[in-house]
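Open the structure in your viewer and keep the selection panel at hand. The tour goes stop by stop.

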Amino acid sequence: MSELVRFEGPAGSELVVEVADDTPGLELISRREDGIVDARRRIHESLESALPTLRSVVEAASALAPQEMQIDFGMKFTAEAGVVVAKAATEGHLTVRLRWTRPESAAARPAGQES
């Protein structure tokens, strides 16, 4: 089963998210007439809680000076906690991909030859 949870956004906007109702410790404290549960936290408060972790990952990866960086970070919305790290199909949830490319001139030279 799942529940619909409404998160309040900026300027009176709202985001309704479907969440599993088997979340440990979930207490439905505020249900509207339409059956939607009001989240305890606003959407920006929930998303901001993930920022320190994301900044840390970006800083650590940036120290390796990649030419390209991709970070996949899944988040799961809950009525009580707001946003938590989502369970992924594999054990790892946070995926970081870094890419370096050799300069064309170095790639075109045969091994052992210097310019």
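Start by selecting Arg6. Arg6 is buried, at a relative accessible area of 16%; buried means under 20%, exposed over 50%, and partly exposed in between, using a 1.4 Å probe and protein chains only. The residue sits in strand 1. Strands (E, at least two residues) and helices (H or I, at least four) are DSSP runs, numbered from the N terminus.

Before moving on, note what you are looking at. This is a predicted model, where local features need pLDDT of at least 70 and side-chain atom pairs count only at pLDDT 80 or more, while totals for chains, interfaces and linings use all residues. Residues are numbered from 1 along each chain as its sequence is written, and side-chain values use heavy atoms, with hydrogens and water left out.

**Around Arg6**

Show the neighbours of Arg6. Leaving aside residues up to four places away in sequence, Arg6 touches Glu14, Leu15, Val16, Arg32, Ile36, Val37, Asp38 and Ala39. A contact here means heavy atoms within 4.5 Å.

Now pick Glu14 from that list. Glu14 and Arg6 form a salt bridge, with their closest N and O atoms 3.7 Å apart. The term covers a side-chain nitrogen of Lys or Arg within 4 Å of a carboxyl oxygen of Asp or Glu. Buried or partly exposed: what is Glu14? Glu14 is partly exposed, at 45% relative accessible area.

**The core**

Select Val5, Phe7, Val17, Val19, Val37, Ala39 and Ile43. These seven residues make up the largest nonpolar core. Strand 1 (2-8) and strand 2 (14-20) each supply at least two residues of this core. Such a core is a set of buried Ala, Val, Leu, Ile, Met, Phe, Trp, Tyr and Cys residues joined through side-chain atoms within 4.5 Å. In soluble globular proteins, nonpolar side chains tend to be buried together.

How many salt bridges does the whole structure hold? The search finds three. Go to Arg99 next. Arg99 forms a salt bridge with Glu68, the closest N and O atoms lying 3.7 Å apart. Arg99 is in strand 7 (residues 94-99) and Glu68 in strand 4 (residues 68-73), so this pair links distant parts of the chain, 31 residues apart. Both ends are partly exposed: Arg99 at 45%, Glu68 at 44%.

Then select Arg97 and Asp72. Their salt bridge has its closest N and O atoms 2.5 Å apart. Arg97 lies in strand 7 and Asp72 in strand 4, so the pair ties together parts 25 residues apart in sequence. Arg97 is partly exposed at 43%, and Asp72 is partly exposed at 28%.

Leu94 is partly exposed, at 35% relative accessibility.

**Zoom out**

Colour by secondary structure. The protein has three helices and seven strands, in the order β-β-β-α-α-β-β-β-β-α from the N terminus. Of its 115 residues, 23% are buried.
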